[in-house]
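Have a go at each one before reading its solution.

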Amino acid sequence: MESLEAELERARELDESALADAIETIGFECTRCGNCCKSEDEDPHTATVFPDEVRDLTDETGGEWRDVARPMPYGLDESGEGETFEWALQTDACGDCVFYTESDGRGACTVHDDRPLICETYPFSVALGGTSQPMGEAVDEAGMVRAHECEGLGRDISREDAESLAGALRARAIRELEEAIAVRENYEPARPSSGAVVHDSEGAKRPDGTPYEG
């Protein structure tokens with residue numbers, strides 16, 4: 001397995017034109033079904049959001065950190081206590097993304113222009129170690145690009161849209177690896193006596209986004 005640093009160099013060297021070619025080969029058009037924004041099989045929606053993206057969304061919406069993000073549940077116990085290493089977009093009482101809305105059976109994002117990279121690039125990922133594979137295993141692939149379950153796959157996509165997606169996909173791969181490296185370098189076991197602690201690239205935080213002080 002290559003080091004995270006080696007994978008980061010590979011991510012920085014990704015050819016956006018080749019990524020766009022792969023996206024065109026697979027094909028994609030968002031049908032606004034909302035499946036990537038909603039809970040699945042009673043499991044709440046989980047989409048990774050980086051600390052700077054949380055702040056961008058709090059600035060955009062006027063909300064607090066907790067309004068935008070929650071500790072990623074993986075690593076926490078059933079009561080939501082323990083340590084985890086990512087933030088997830090906040091969910092509503094139904095387990096759907098808090099920014100998801102629906103009208104006449106068509107979904108929409110209330111922060112679409114400021115949505116996180118994971119949302120901008122779904123249902124695609126790149127085949128690099130240390131980067132996330134959104135929503136399960138790949139169902140199609142071309143070159144370095146992996147496509148994950150989505151009813152919009154296989155549809156015609158313009159070159160302009162493919163290139164836009166390719167640029168965002170490369171940016172996301174770089175950002176994920178930079179985050180992983182920074183988390184590793186900053187990590188110190190927290191062992192909270194209660195509640196959750198999230199370790200991100202900026203250090204350990206409480207669920208409200210404030211620094212954790214053991």
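**Exercise 1.** Work out which hand the crossing of α1 and α6 has, and how the two helices run.

*Solution.* The crossing of α1 and α6 is left-handed, meaning that the near helix is turned anticlockwise from the far one by less than a right angle (clockwise would be right-handed). Before going on, some ground rules: this is a predicted model, where local features need pLDDT of at least 70 and side-chain atom pairs count only at pLDDT 80 or more, while totals for chains, interfaces and linings use all residues. Residues are numbered from 1 along each chain as its sequence is written, and side-chain values use heavy atoms, with hydrogens and water left out.

Next, the geometry: the α1 and α6 axes come within 9 Å and cross at roughly 160 degrees. Axes here are lines fitted to C-alpha atoms, for helices over the stretch in contact, with angles from 0 to 180 degrees between N-to-C directions.

Last, the contact (heavy atoms within 4.5 Å): α1 brings residues including Leu 4, Leu 8 and Ala 11, and α6 brings, among others, Ala 173, Ile 174 and Leu 177.

**Exercise 2.** Find which residues touch the most other members of the largest nonpolar core.

*Solution.* A nonpolar core is a set of buried Ala, Val, Leu, Ile, Met, Phe, Trp, Tyr and Cys residues joined through side-chain atoms within 4.5 Å; buried means under 20% relative accessible area (1.4 Å probe, protein chains only). Of its 25 residues, the answer is Ile 23, Ile 26, Phe 124, Val 126 and Val 145. By element, α6 gives the most, with 8 residues. Zooming in, Ile 23 touches Phe 124, Val 145 and Ile 157, among others, not counting residues up to four places away in sequence.

How values were computed
Buried < 20%, exposed > 50% of the residue type's maximum accessible area, 1.4 Å probe, protein only. Helix = DSSP H or I, 4+ residues; strand = E, 2+ residues; numbered from the N terminus.
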